[in-house]
Amino acid sequence: MRNADAPALTVVPTEAETDTGGAPLQVPPVVTKELDKSKPDIEHASVEDDPRSWSNTRKTAILFIISGASVIGGLCANIQNPANAQIEQQLHASSGQISLSLSLFILVQGNFPVLWSAVSEIKGRKLVYLASVSLFTLGSAIVAVSKSIGVLIGMRILQAIGSSAVLSIGAATLADIYEPHQRGAKVGVYYCAPLLGPSLGPIIGGVLTQAFSWRAVFWFLVIWGGVIFFAFLALFKDTFRKERSLTYQNVLRRRTNGRKRVSEKPSKDIEAQPPIATVEDGKDITLSFADVNPFPPFFNILRRKNNVVILIPSGLLFAFGFSITYTCARTLSLYYNYDALKTGLVLLSFGIGSMLGSILGGRWSDRTLARLKAANGGVSFPEMRLESTKIAMLGLPPAVIGYAWVCQERVHVAAMCIMLFLSGFFSIWIYSSTLAYVVDTNTGSSSSAVAANSSIRGASAFVAAEVAVPLQDAIGDGGLYTIWAGLMLFAELVILLVIYGGKQWREASIDKEKRKSAGVR
């Protein structure tokens with residue numbers, strides 16, 4: 001038996017220790033006190049109170065809490081729309097200032113998660129959830145009592161900052177508690193929650209504005225934020241384990257002075273990611289400000305070709321959903337003479353389609369991954385999951401074309417509801433699988449990867465919001481959504497490129513990172 005006073009040190013290979021051919025690089029011999037022959041990988045590193053071993057009841061509770069929090073993001077982006085006319089009148093604002101309050105919200109909400117995700121990788125998920133929901137609730141309260149449009153715009157930005165955290169680390173939290181083969185269905189359930197926002201937002205906003213005033217809309221958000229805050233405080237147990245964080249692992253390797261032991265080439269199975277270095281007394285390691293810097297992990301995500309390529313259709317799909325709910329409300333008001341409540345009921349069809357697409361698409365994604373893994377000798381890789389999107393690709397462009405010309409020709413609203421349902425169903429079926437792929441292919445830095453996804457989709461939605469009304473006025477819904485149908489077809493082609501070429505791109509990027517870490521050109 002080893003001395004109980006001597007901590008066991010096991011250092012196993014990193015990705016940087018094999019060259020392109022898989023042959024080990026020459027490294028100086030090292031002394032190890034005990035070798036762990038199990039060679040744990042970052043997905044399955046041994047941790048205390050492993051969240052993946054928790055009961056299904058606890059996991060389900062966590063899933064529902066973060067889903068409830070994620071409703072905030074989608075709801076807050078849309079709930080203001082029915083109140084815009086009253087806000088403009090009472091705060092003496094211009095239509096341009098009202099538009100700015102909406103577009104800046106979605107832009108900030110998409111880009112701020114980069115900071116939240118970095119902090120969560122160091123301080124854990126719970127602290128970030130509590131801090132972000134507090135900011136959201138504070139911003140909502142100040143908006144509710146604001147007496148100028150400047151204060152309203154500023155506090156809408158604070159709302160965006162607060163509501164953005166769960167959109168990034170929510171998926172990372174699911175990665176903490178679920179194995180890769182389970183994530184598709186769970187991400188589908190999680191992502192259907194913010195999809196309630198575009199549907200329920202106009203209904204809730206319209207009812208509250210008509211019954212009370214526009215300020216009641218934001219007091220409602222204060223109440224919702226308070227409920228979510230206390231849910232996190234009392235019921236949520238932190239899922240983050242630093243041993244499964246690439247940030248922590250990189251610091252650990254540096255602080256163990258590069259002591260390594262070379263072993264065989266890591267498995268390519270997405271459920272058996274590259275081996276890690278472990279130190280039994282790792283609790284003593286603390287991280288500095290330089291370690292917390294969110295931008296290196298963010299740009300590391302963007303250095304991989306497969307990540308950059310998949311983020312293109314992800315951004316387009318999200319921007320499409322934002323655009324169609326924004327312009328549909330305008331079409332119903334201008335040409336169908338619908339009030340805020342009726343408009344919200346029509347938009348509910350898009351939300352229902354989106355929720356069903358998210359749940360069913362996630363389940364189909366998991367089944368597809370399991371089937372292809374079994375056919376490949378029990379070895380899986382992330383691109384297998386994207387195969388599940390092919391069935392939805394057949395329906396999305398026709399549904400968008402159908403919506404375009406139903407609106408253009410002012411057909412009965414029932415036809416519009418059908419096209420909205422189908423557009424939401426197929427687009428989110430595809431989007432939920434791309435989000436799961438982003439998590440699967442960036443093991444150990446899932447929150448940074450989802451933050452990069454949020455940044456791209458936020459910028460895409462900002463552009464879509466700014467150009468939607470001018471294009472709608474210039475070429476009508478028929479022309480606008482025929483263009484969107486073309487963009488959806490382009491997004492599908494890009495996803496197919498990732499399905500058939502992503503594995504090679506990903507492995508080439510990993511090989512390049514190995515060479516860079518080893519100092520080999």
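**Salt bridges and helix packing**

Reply: Start with one pair. Asp473 and Arg330 meet through their side chains in a salt bridge, with 2.9 Å from N to O. Asp473 sits in helix α19 (residues 446-518) and Arg330 in helix α13, so the pair links distant parts of the chain, 143 residues apart. Keep in mind that this is a predicted model.

Me: Is Arg330 buried, exposed or partly exposed, and why?

Reply: Arg330 counts as partly exposed, because its relative accessibility is 25%. Buried would need a value under 20%.

Me: How many salt bridges does the structure hold?

Reply: The structure holds 7. Another one of them joins the side chains of Arg385 and Asp366, at 3.0 Å from N to O. Here Arg385 belongs to helix α15 (residues 383-386) and Asp366 to helix α14, 19 residues apart.

Me: Are Arg385 and Asp366 buried or exposed?

Reply: Arg385 is buried, because its relative accessible area is 0%. Asp366 has 11% relative accessibility, so Asp366 counts as buried too.

Me: Which residues are linked with Asp366 in a network of salt bridges?

Reply: Arg385 and Asp440 are linked with Asp366 in that network.

Me: Which residue forms a salt bridge with Arg506?

Reply: Glu383 does, and the closest N and O atoms are 2.7 Å apart. Arg506 lies in helix α19 and Glu383 in helix α15, so this bridge ties together parts that are 123 residues apart in sequence. Both Arg506 and Glu383 are buried.

Me: Now the helices. How do I describe two that pack together?

Reply: Use the angle between their axes and the distance between the axes. Take α13 (residues 305-335) and α14 (residues 340-375): their axes come within 10 Å and cross at roughly 150°. An angle over 145 degrees counts as roughly antiparallel, and α13 and α14 are therefore roughly antiparallel to each other. Their crossing is right-handed.

Me: Which residues make the contact?

Reply: From α13 come Gly321, Ile324, Thr325, Cys328, Ala329 and Leu332. From α14 come Thr343, Val346, Leu347 and Phe350. The contact residues divide into 7 nonpolar, 3 polar and no charged.

Me: How do α14 and α18 cross?

Reply: The axes of α14 and α18 (residues 413-440) come within 6 Å and cross at roughly 30°. That angle makes α14 roughly parallel to α18. This crossing is right-handed. The residues in the contact of α14 with α18 divide into 14 nonpolar, 12 polar and no charged.

Note on methods. Residues are numbered from 1 along each chain as its sequence is written. This is a predicted model: local features need pLDDT of at least 70, side-chain atom pairs count only at pLDDT 80 or more; totals for chains, interfaces and linings use all residues. Side-chain values use heavy atoms; hydrogens and water are left out. Axes are lines fitted to C-alpha atoms, for helices over the stretch in contact, and angles run from 0 to 180 degrees between N-to-C directions. Helices (H or I, at least four residues) and strands (E, at least two) are DSSP runs, numbered from the N terminus. Angles under 35 degrees count as roughly parallel, over 145 as roughly antiparallel, 65 to 115 as roughly perpendicular and the rest as oblique. A crossing is left-handed if the near helix is turned anticlockwise from the far one by less than a right angle, and right-handed if clockwise. Contact means heavy atoms within 4.5 Å. Ala, Val, Leu, Ile, Met, Phe, Trp, Tyr, Cys and Pro count as nonpolar, Asp, Glu, Lys and Arg as charged, and the others, Gly among them, as polar. A salt bridge is a side-chain nitrogen of Lys or Arg within 4 Å of a carboxyl oxygen of Asp or Glu. Buried means under 20% relative accessible area, exposed over 50%, partly exposed in between (1.4 Å probe, protein chains only).
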